[in-house]
Amino acid sequence: MLAKRIIPCLDVHAGRVVKGVNFEGLRDIDDPVRLAEYYNEAGADELVFYDITASAEQRGLFTDVMKRVAEKVFIPLTVGGGISSLDDFDRVLKNGADKVSVNSSAIKNPLLIREAARRYGDQCVVLSMDVKRVNGVFTVFGRGGRDQTDINAVEWAQRGQELGAGEIVLNSMDADGVRGGFDIEMLNAVCEKVTIPVVASGGAGNISHFYDLFKNAPGADAGLAASIFHSKEVSIHELKEYLNASGIPVRRIQK
Amino acid sequence: MIAIVDYGVGNLHSISGAVKTLTDDVVITSEKNALMNTDGIILPGVGAFPDASEKLFKSGLGDVIIARAKAGAPLLGVCLGMQLLFEKSYEYGEHKGLSLLKGEIAPMANDLTQKVKVPHMGWNALSIQKECALTKYIQNGDYVYYVHSFYAKGLDCLNAGSEYANLFVPGIVSSGNVFGCQFHPEKSGSVGLNILKAFLEVTENA
């Protein structure tokens with residue numbers, strides 16, 4: 001049986017990790033390579049890196065970071081942010097990424113999913129979506145949640161699968177930042193309609209939220225979070241021991 | 001020296017990076033001559049069987065790999081590289097493999113009786129069936145990372161595998177000096193590195 005995956009997400013700006021990183025006893029923890037090694041040792045099943053830079057120069061710094069992470073950490077690595085063409089896929093895949101996630105660029109040009117899946121394989125293409133309820137309808141937002149579209153999230157997930165996406169990251173904007181738990185209702189709505197893996201994102205505030213996720217949204221394959229891991233409020237090692245004791249299949253690391 | 005075969009499919013950085021944490025004596029090569037003088041050969045692969053098999057045979061690399069394996073050189077196939085070690089595959093028609101291991105590659109979807117996701121992607125636990133050199137540093141229940149839609153059937157060289165719905169997916173196979181991993185050891189954390197370490201030991205003792 002496949003293990004449920006726990007995935008920390010690192011936002012990288014100018015070669016450093018940003019967003020609430022607060023580790024005691026670890027110096028220079030905003031170094032993405034150090035943090036990646038730390039999470040790997042703690043039992044993270046995968047790492048997601050978002051490139052939140054704008055300039056071409058900083059983009060170079062990001063690919064350099066990926067290259068160095070891939071030399072040290074031997075678990076799957078996903079890259080997102082600033083991916084809008086096959087050249088972008090090529091650039092990050094050549095620098096150590098195993099999967100590439102697209103979001104706004106796929107809204108603008110859905111065929112990017114198909115072209116990338118044909119060239120690199122379905123398993124390589126992740127469709128990431130920011131979703132919020134608008135008049136009770138799960139609605140997709142672009143540009144990091146700033147632009148409302150008229151796209152229904154469940155239909156967009158199905159379309160993404162048809163085009164060749166191998167995985168979906170479903171980020172609930174309603175749950176994000178509130179720390180009240182994952183958006184079970186939204187996850188179930190999407191999981192019911194697709195057969196590819198779905199990664200839950202947004203809302204994790206404590207250890208039991210992950211149990212609730214896998215218990216109440218059994219179609220979800222993974223839980224993704226950033227700040228609660230960075231702030232060390234939740235240790236991945238303890239989280240996995242807790243899930244294992246609660247009967248959720250997880251990959252445990254021998255300490 | 002360990003040679004990682006570059007026959008134009010997939011990303012070789014991860015596998016070479018993982019091997020480099022264990023030894024500096026590794027080279028990525030597409031040269032037939034380079035394969036003649038190595039202590040061990042790693043055959044990686046991501047993508048579809050027909051394309052990979054055609055590239056291997058057309059380049060002549062396939063025949064060199066067969067000759068070296070038959071002469072006793074340690075060989076490790078990874079993911080699609082493992083599938084290529086078998087006699088044939090039914091991915092997009094029927095295509096022949098290197099025939100170094102007995103068995104064939106078939107779509108998992110045809111044999112699954114429960115509704116589960118294909119590809120079989122993620123971390124799954126290994127159940128060791130028969131110890132071999134590659135299982136030296138791993139334990140029953142260790143997790144490894146799989147990404148595949150086809151699997152080996154009708155084989156007589158199973159060492160370890162993982163349960164997926166009603167199927168038992170061969171994860172580690174071997175026959176003498178020929179080894180294969182369906183999962184990605186280079187993406188399976190410390191467990192994967194230990195499997196590669198065990199393979200390097202085979203090459204040192206060959």
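Is A:N135 buried or exposed, and how many other C-beta atoms lie within 10 Å? The legends below, which describe a predicted model, take up this residue before turning to other views.

**View 1. A:N135 in its loop between two strands of chain A.** A:N135 is exposed, because 5 other C-beta atoms lie within 10 Å, and a residue counts as exposed at 12 or fewer. This residue sits in the loop that links β6 (125-134) to β7 (137-142) of chain A, and its phi is near 50°, a positive value in a residue other than glycine. Most residues other than glycine have a negative phi.

**View 2. B:S99, a residue with positive phi in chain B.** In the loop between β6 (95-96) and β7 (104-107) of chain B lies B:S99, whose phi is near 55° although the residue is not glycine. B:S99 counts as partly exposed, because 13 C-beta neighbours fall inside 10 Å.

**View 3. The cis peptide bond between B:V118 and B:P119.** The bond that joins these two residues is cis, with omega at about 10°, and B:P119 belongs to the loop between α6 (108-111) and β8 of chain B. Most peptide bonds are trans.

**View 4. The contact between chain A and chain B.** Chain B brings 22 residues to this contact, and chain A brings 21 residues. On the side of chain B that touches chain A, the elements giving two or more residues are α1 (13-20), β8 (120-125), β10 (143-148) and α7 (189-205) of chain B. The residues on this side of chain B comprise nine nonpolar, nine polar and four charged.

Note on methods: Residues numbered from 1 in each chain as written. Chains lettered and ligands numbered in written order. Predicted model: local features only at pLDDT ≥ 70, side-chain atom pairs only at ≥ 80, totals over all residues. Contact = placed C-beta atoms within 7 Å. Helix = DSSP H or I, 4+ residues; strand = E, 2+ residues; numbered from the N terminus. Nonpolar A, V, L, I, M, F, W, Y, C, P; charged D, E, K, R; others polar. Buried ≥ 20, exposed ≤ 12 C-beta atoms within 10 Å, placed from the backbone.
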